[in-house]
Amino acid sequence: MAETTSDKGAAAALFSPYKMGKFSLSHRVVLAPMTRCRALNEIPNEALVEYYTQRSTPGGFLITEGTLISPTAAGFPHCPGIYTKEQVEAWKKVVDAVHAKGAIIFCQLWHVGRASHPVYQPDGAAPISSTSKPVSNRGRILMPDGTHVTYPNPRPLKTSEIPEVVGHYRQAALNAIEAGFDGIEIHGAHGYLIDQFLKDGINDRTDGYGGSLSNRCKFIIQVLQAIVSAIGIDRVGVRISPAIDHLDATDSDPQSLGLAVIQRLNKLQLDSGSKLAYLHVTQPRYTAYGQTESGRHGSADEEARLLRMWRRAYTGTFMSSGGFTRELGIEEVERGDADLISYGRLFLANPDLVLRFKLNAPLNRYVRATFYTHDPVVGYTDYPFLNKGSQSRL
């Protein structure tokens, strides 16, 4: 499809340069983090090199799939880690290939918390969390053999154990920098460990990490402070999802939760005299069928109101994600409701998504059945480009 003058004008905002702290981006289309289970035995391999390189553009910004910070962090088979020397050395090949294409890449640091199973835990132990409550029977966890089972009861972290977990995040951030990553993203969203502390629908603690909003925000801020002190604030992004109920991650007042986290991020920036790389917020429509898992999906107007409120409250680069199309991304940036838009499934199925968006060209359809297979090619690096050598047109 040829790009018309009107198409080009409409897309101008999405393809305008942007200064994200010390990083100069050539456009606003970001590769979102996506778990795809291709790192056999938790070691990044040549399939990951190919995948991330395919999606790299000069001045483009990529965020890796969730990357495990410790042996207790996994909740899917074959997710990459960043806690051993072997993993760090393997990631270097990915990062070097991405940098050779002129792109910028952050590593998303991930701990799934209770969204795990003893099969993924050292010595078959119970997963750790803020709580002893499991994910409800509505949820199913993918096992290494491809079957799905219900989530088990987690073990609530003792207060005395929390600093050790914070330390795992800090060391993982240092490891990411050693691997050559430009920075890291703290995964504080989607019902995983940090979100399990943030949301009052999960967190039932009676110590200093439970109850009030201030207490529930303590864990994410301690993680953030530890990482910032280790690698610098300008190399750190944060992802949150206050209005998402994925994996039963509900909160009685998502508006206030989002504002409470943002107020603390703003204070950290003010105190340090510098900005975080970005704040990454997921809209509720991000889930598979355009609604949250429980079906308690708010109206589009309510979603927009919350996102705009958080956007106005945050004093830094704001990234949005969650079911964006080309048109929705253009509108979001044109209105000033976001600085950057991250794309997941569309970027999976279209390695040259940036070019296709520029040309307003047809998109490949993603194949859901191959999302979590372990094949190094099928459903991962075999989605076609528009034409051979098309990346050279960017």
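Reader: Which residue in β14 does S321 stand opposite?

Author: S321 stands opposite S342 in β14. Strand names here come from DSSP: helices are H or I runs of at least four residues, strands are E runs of at least two, and both are numbered from the N terminus. Two strands pair if DSSP finds at least two bridges between them. Strand β13 (residues 318-321) and strand β14 (residues 340-343) pair in the parallel sense over three bridges. This is a predicted model, in which local features need pLDDT of at least 70, side-chain atom pairs count only at pLDDT 80 or more, and totals for chains, interfaces and linings use all residues. Residues are numbered from 1 along each chain as its sequence is written, and side-chain values use heavy atoms, with hydrogens and water left out.

Reader: Which strand pairs with β13 over four bridges?

Author: That is strand β12 (residues 278-282), again in the parallel sense. V281 is the residue opposite S320 of β13.

Reader: Which way do the side chains of β13 point?

Author: In a regular strand, side chains alternate between the two faces of the sheet. Here F318 and S320 point one way, M319 and S321 the other, and all are buried (under 20% relative accessible area with a 1.4 Å probe, protein chains only; exposed is over 50%, partly exposed in between).

Reader: What unit do β13, α10 and β14 make?

Author: With helix α10 (residues 326-334) they make a right-handed β-α-β unit. Right-handed means that, with the strands pointing away from the viewer, the path from the first strand over the helix to the second runs clockwise.

Reader: How should I read helix α3, and which of its residues are buried?

Author: An α-helix has 3.6 residues a turn, so residues three or four places apart point the same way. In α3 the buried ones are Q87, V88, A90, W91, V94, V95, A97 and V98. They pack against α2 (46-54), β4 (61-68), β5 (104-110) and α4 (162-178), where contact means heavy atoms within 4.5 Å. Just after α3, G102 takes a positive phi of about 85°.

Reader: How many helices and strands does the protein chain have?

Author: There are twelve helices and 14 strands. The radius of gyration is 20 Å, close to the 21 Å that the globule rule gives for 394 residues, so the chain is as compact as a globular protein of that length. That radius is taken over C-alpha atoms, and the rule is 2.2 Å times the number of residues to the power 0.38. Of the 394 residues, 57% count as buried.
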